[in-house]
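Trainee: I have a chain to go through with you. Can we take it step by step?

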Amino acid sequence: MDEMATTQISKDELDELKEAFAKVDLNSNGFICDYELHELFKEANMPLPGYKVREIIQKLMLDGDRNKDGKISFDEFVYETDDLKRAESMLQQADKLGCRQFVTPADVVSGNPKLNLAFVANLFNKYPALTKPENQDIDWTLLEGETREERTFRNWMNSLGVNPHVNHLYADLQDALVILQLYERIKVPVDWSKVNKPPYPKLGANMKKLENCNYAVELGKHPAKFSLVGIGGQDLNDGNQTLTLALVWQLMRRYTLNVLEDLGDGQKANDDIIVNWVNRTLSEAGKSTSIQSFKDKTISSSLAVVDLIDAIQPGCINYDLVKSGNLTEDDKHNNAKYAVSMARRIGARVYALPEDLVEVKPKMVMTVFACLMGRGMKRV
């Protein structure tokens, strides 16, 4: 075996790799080929379309078949010895399954127990290779005890395409890179020459992150004119929940105000302007739904939201998935989940939660319709 492939692998690890390799090597000829990978996916009972499985297998063969002979030997199977690279490769495959949440390569390598548990639980939840029991849906977002407010903030950040993706609200903001990107989204200029970027040096890494946090607080106090009394860069770096939320709430509030100003051509678009646009758009598309205000209890069905999405992008809604008539609470939640999902799919930067629609939370309902209005007018 290639010496480089084994220098960092213990005998126990090598035995485990041999056992894993043997499970995929169905004909025991010492090589893995594409049809054996097909069988692996089939046995796992993953609910993926055929083309997606083929894409994943092609990528696996492309990366793993180092000598390009159309098959993967055991040497090639264990070739990658850099822990971080191996972890990143694993997460790239998880991303194709829609399961990359919660962890970074560093979390995997360091063995962060909470985040790794959340990752594995999410993977098992989505692809258990088991028959899903009825009436036992579990909200996996509660794995880390995340509050509804925290989930709303995370949704908002990720809807704006920040990098890295925010999986843990406090840990992922400790170097302030996401916060600085959010400043740009609310039209506060950031001097990126002052910002320390990863990879951080092993010595003094936290100092570099703290400098970013100090700069983020400085921007909040002066150009942004936020109320940040008693908040310092150290608080963000420490992951202080209360003080981090105080800054993030002001960022999201400013973003919402900017959205409304964009819709109102420089002046804040009030509730009446948005409601009238919603009803006019629904009527012009031949929809029967309408809303009276953002407190309208009929919004709890999400039917007006679904119809508005279909009016903005005709034909995108599968109405077989939408419940109507005398709705149960489960029906309302399912409609709301579908509405939020489809709003994001057509490009509306919706960050409200399905529960906000079901419970008709006026402020969050307003953001849903405002973001859809922006998408409909192609301004947001």
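Trainee: What percentage of the 380 residues count as buried?
Mentor: First, the ground rules. This is a predicted model, where local features need pLDDT of at least 70, side-chain atom pairs count only at pLDDT 80 or more, and totals for chains, interfaces and linings use all residues. Residues are numbered from 1 along each chain as its sequence is written, and side-chain values use heavy atoms, with hydrogens and water left out. Buried means under 20% relative accessible area, exposed means over 50%, and partly exposed lies in between (1.4 Å probe, protein chains only); of the 380 residues, the buried share is 44%.

Trainee: How many helices and strands are there in the chain?
Mentor: Both come from DSSP runs, numbered from the N terminus: helices are H or I with at least four residues, strands are E with at least two. The chain has 18 helices and 2 strands.

Trainee: Among contacts between residues at least 6 apart in sequence, what percentage join residues at least 24 apart?
Mentor: Contact means heavy atoms within 4.5 Å. Take the contacts between residues at least 6 apart in sequence; the share joining residues at least 24 apart is 54%.

Trainee: Which residues have the most contacts inside the largest nonpolar core?
Mentor: A nonpolar core is a set of buried Ala, Val, Leu, Ile, Met, Phe, Trp, Tyr and Cys residues joined through side-chain atoms within 4.5 Å. In soluble globular proteins, nonpolar side chains tend to be buried together. The largest core here has 82 residues, and those with the most contacts inside it are W156, M157, Y183, I274, F369 and L372.

Trainee: How many residues are in the second, separate core?
Mentor: L91, A94, A118 and F119 are included in that core. Its residue count is 7.

Trainee: Which residues does L372 contact, leaving aside its neighbours within four places in sequence?
Mentor: L372 is one of the residues with the most contacts inside the largest core. With those neighbours set aside, its partners are W277, V305, L308, I309, I312, A343, I346 and A348.

Trainee: Are helix 14 and helix 18 roughly parallel or oblique to each other?
Mentor: Helix 14 spans residues 271-284 and helix 18 spans residues 362-376; their axes come within 10 Å and cross at roughly 60°. Axes are lines fitted to C-alpha atoms, for helices over the stretch in contact, and angles run from 0 to 180 degrees between N-to-C directions. Angles under 35 degrees count as roughly parallel, over 145 as roughly antiparallel, 65 to 115 as roughly perpendicular and the rest as oblique. The two helices are therefore oblique.

Trainee: Which residues of helix 18 meet helix 14?
Mentor: On the helix 14 side are D271, I273, I274, W277 and V278. They meet M366, F369, A370, L372, M373 and G376.

Trainee: Is helix 15 roughly parallel or roughly perpendicular to helix 18?
Mentor: Helix 15 covers residues 303-312, and its axis comes within 10 Å of that of helix 18, crossing at roughly 10°. That crossing makes the pair roughly parallel.

Trainee: Which residues make the contact of helix 15 with helix 18?
Mentor: Helix 15 supplies V305, L308, I309 and I312. Helix 18 supplies V368, F369, L372, R375 and G376.

Trainee: At roughly what angle do the axes of helix 9 and helix 13 cross?
Mentor: Helix 9 is residues 148-159 and helix 13 is residues 241-263. They are oblique to each other. Their axes come within 11 Å and cross at roughly 50°.

Trainee: Which residue does a cis peptide bond join to N163?
Mentor: Omega of that bond is about 10°.

Trainee: What is omega near in the cis bond from P198 to P199?
Mentor: P199 is found in the loop between helix 10 and helix 11 (205-221). For the bond from P198, omega is near 5°.

Trainee: Is K225 buried or exposed?
Mentor: K225 sits in the loop between helix 11 and helix 12 (233-238). Its phi is positive, about 60°, although it is not a glycine. With a relative accessible area of 69%, K225 is exposed.

Trainee: Is V360 buried or exposed?
Mentor: V360 is in the loop between helix 17 (354-358) and helix 18. Its phi is near 50°, a positive value in a residue other than glycine. With a relative accessible area of 6%, V360 is buried.
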